[in-house]
Amino acid sequence: MVQFNNWCNSTNSAVGPQHLYVLTANPANLATGIQATAAVVPGHYAAEEHVSRVLARLGKPAAAALIEGKLPTTKAIRSGDLGEIYATEWIDAHSSYSTPIKRLRWKDHRNMAMRGEDVIGFLQDPETQRLQFLKTEAKSRMGLTTQVITEARASLDKDDGLPSPHALSFISARLLEIGNAPLADAIDDALLVHGISAQSVRHLLFTFSGNAPTAFLTASLQAYPGQIRQWGVGLHVNGHAAFIGAIYDQVIANANNP
């Protein structure tokens, strides 16, 4: 876990019927944030079992090469990937939803962005096995703007605001591959039998930025005209670009540490 509470100050507030959460990195604790983030980043790109197997068979240099070979090298892709990683980590740590698939493991190329929904969280009723969905759009920018928020809102509103069948089918297939048939079946049931209603969906607009996100996210939540429940979450880190660079440097250093 990224353990946001160890290096960020947090606030939460209601914006009409919606909710806004803002995490602001404490400058004195940035090193903690870098270390905590670097510890989880490799698992978003490569399965722990794969890394462990390479380590056991071929040794530490090969395992380090495996990890480093999956990390993006361009600043823009690193930024976008880290926004998605932070959104995933926030969902798992601070909501009742779970994200069982780390989709960055299936990138076509390490310096390419993935298409489709950034993250989808799931909440399963233990009695009925029916699902609630958290459709998530993550944006990472050194300078957050209204245009970026508008683009995120447009992505969330695609497919009538519902998770796309393509994204859900992708997750279902990956779940079967890792042996989680019950959740895969529940997703397939939602797609093919029950259907998905707006009442079973919540939106999460997640931002990771070098400037304060509160005004942008508040305006977006206030302007939302639809019926789907909304969360806005903003992670604010001064020195956004240097922070990202330090995280990926630390990931590589950790991988190569004897």
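Modeller: Phe208 in β5 is the bridge partner of Ser140. The model is a predicted one, in which local features need pLDDT of at least 70 and side-chain atom pairs pLDDT 80 or more, while totals for chains, interfaces and linings use all residues. Numbering runs from 1 along each chain as its sequence is written, and side-chain values rest on heavy atoms, without hydrogens or water.

The strand in question is β4, residues 131-141; strands are DSSP runs of E, at least two residues long, and helices runs of H or I, at least four, both numbered from the N terminus. With β5 (residues 201-209), β4 pairs in the parallel sense over nine bridges, pairing being at least two DSSP bridges between two strands. Its other partner here is β3, residues 119-124, which pairs with β4 in the antiparallel sense over six bridges. In that pairing, Thr136 of β4 has Val119 opposite. β3 and β4 make up a hairpin with six residues between them. Gln129 lies in the turn and has a positive phi of about 70 degrees.

How much of β4 is buried? Nine of its 11 residues are, so the strand is largely enclosed by the rest of the structure. Buried here is under 20% relative accessible area, for a 1.4 Å probe and protein chains only.

As for open space, β4 and α4 are the elements that give two or more residues to the lining of the second largest pocket. A pocket is an open set of points on a 1 Å grid over the protein atoms alone, where a 1.4 Å probe fits and protein lies on both sides within 12 Å along at least five of seven lines; lining residues have an atom within 4 Å of a point. This pocket holds about 260 Å³ of space, the volume filled by probe spheres set on points joined across faces, edges and corners. Of its 15 lining residues, Gly80, Asp81, Ala113, Asp118 and Ala138 are nearest the centre. The lining comprises six nonpolar, two polar and seven charged residues; Ala, Val, Leu, Ile, Met, Phe, Trp, Tyr, Cys and Pro count as nonpolar, Asp, Glu, Lys and Arg as charged, and the others, Gly among them, as polar.

α6 provides the largest share, four residues.

Notes:
Buried < 20%, exposed > 50% of the residue type's maximum accessible area, 1.4 Å probe, protein only.
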